[in-house]
Amino acid sequence: MAEREIEELLVFYVGGTLDPIETARMEAAIAADPALELQVATLRALREASEETAQSPGEFGLARLMRDVETDSAPRAAMPRTRIWQAVAGIAVAAFLAQAVLVTQSSDEVTLAGEDVSGDLIVAFAPDATEGAIRDLLVSEGLIIVDGPSALGLYVLELPDGADPTAATDALVASGLVESVEDAP
């Protein structure tokens with residue numbers, strides 16, 4: 001018998017559901033291999049243990065189960081609030097306050113949402129402009145995105161030191177990637 005076939009039939013052998021020919025072949029294979037004897041003994045022990053635990057609880061067990069079911073289905077009084085929920089709420093409030101304090105004490109390098117951002121130009125790129133084309137344009141002109149996109153899709157750009165805003169605006173418009181350019185307030 002092949003090893004795989006033996007492994008597949010081992011459970012059926014222990015369960016006593018094999019036909020006489022297969023049973024004889026399995027017994028011959030088990031007699032020849034001590035490891036298979038150990039597997040058979042283990043499977044039999046597992047089967048016996050599962051049969052012992054699967055026995056009926058009897059009349060007494062059934063009566064106890066029915067009593068527990070009736071008790072569980074009875075209406076319960078409203079459970080009093082426990083201190084644990086108050087502790088959890090206190091921890092949540094403390095975490096919120098700690099986060100609020102950290103945000104208000106943040107350094108000037110961080111720009112919070114809604115704060116004014118300094119820049120030179122406000123730009124709306126064309127919807128079909130690709131990220132690569134926009135990046136190439138900005139690099140060629142020395143422009144830096146300092147904010148955006150906003151909810152309206154606007155970007156705030158910063159010019160390099162000493163650059164002419166009119167020349168940068170003309171280059172952006174001429175690229176075909178920009179829908180509108182305005183000077184930043």
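Which side chain meets that of R135 in a salt bridge?

1. The partner is E131, with an N to O distance of 2.6 Å. This is a predicted model. Both residues belong to helix α6 (residues 131–141), where a spacing of four residues puts about one helical turn between them. R135 is partly exposed at 43% relative accessible area, while E131 is exposed at 55%.

2. The whole structure holds three salt bridges. Another of them joins R4 and E8 at 3.2 Å, N to O. These two also sit four residues apart, in helix α1 (residues 3–15), and so are separated by about one helical turn. R4 counts as exposed, with 64% relative accessibility; E8 is partly exposed at 46%.

3. R25 pairs with E5, their closest N and O atoms lying 3.3 Å apart. This bridge links distant parts of the chain, from R25 in helix α2 (residues 20–32) to E5 in helix α1, 20 residues away. R25 is partly exposed at 38% relative accessibility, and E5 is partly exposed at 27%.

4. L65 is part of helix α4 (residues 58–73).

5. Of its 185 residues, 17% are buried. The accessible surface is about 14,100 Å², with 58% of that belonging to carbon and sulfur atoms.

Technical notes:
Residues numbered from 1 in each chain as written. Predicted model: local features only at pLDDT ≥ 70, side-chain atom pairs only at ≥ 80, totals over all residues. Heavy atoms only, no water. Buried < 20%, exposed > 50% of the residue type's maximum accessible area, 1.4 Å probe, protein only. Areas by Shrake-Rupley, 256 points an atom, 1.4 Å probe, with all protein chains shown as cover. Salt bridge = Lys/Arg side-chain N within 4 Å of Asp/Glu carboxyl O.
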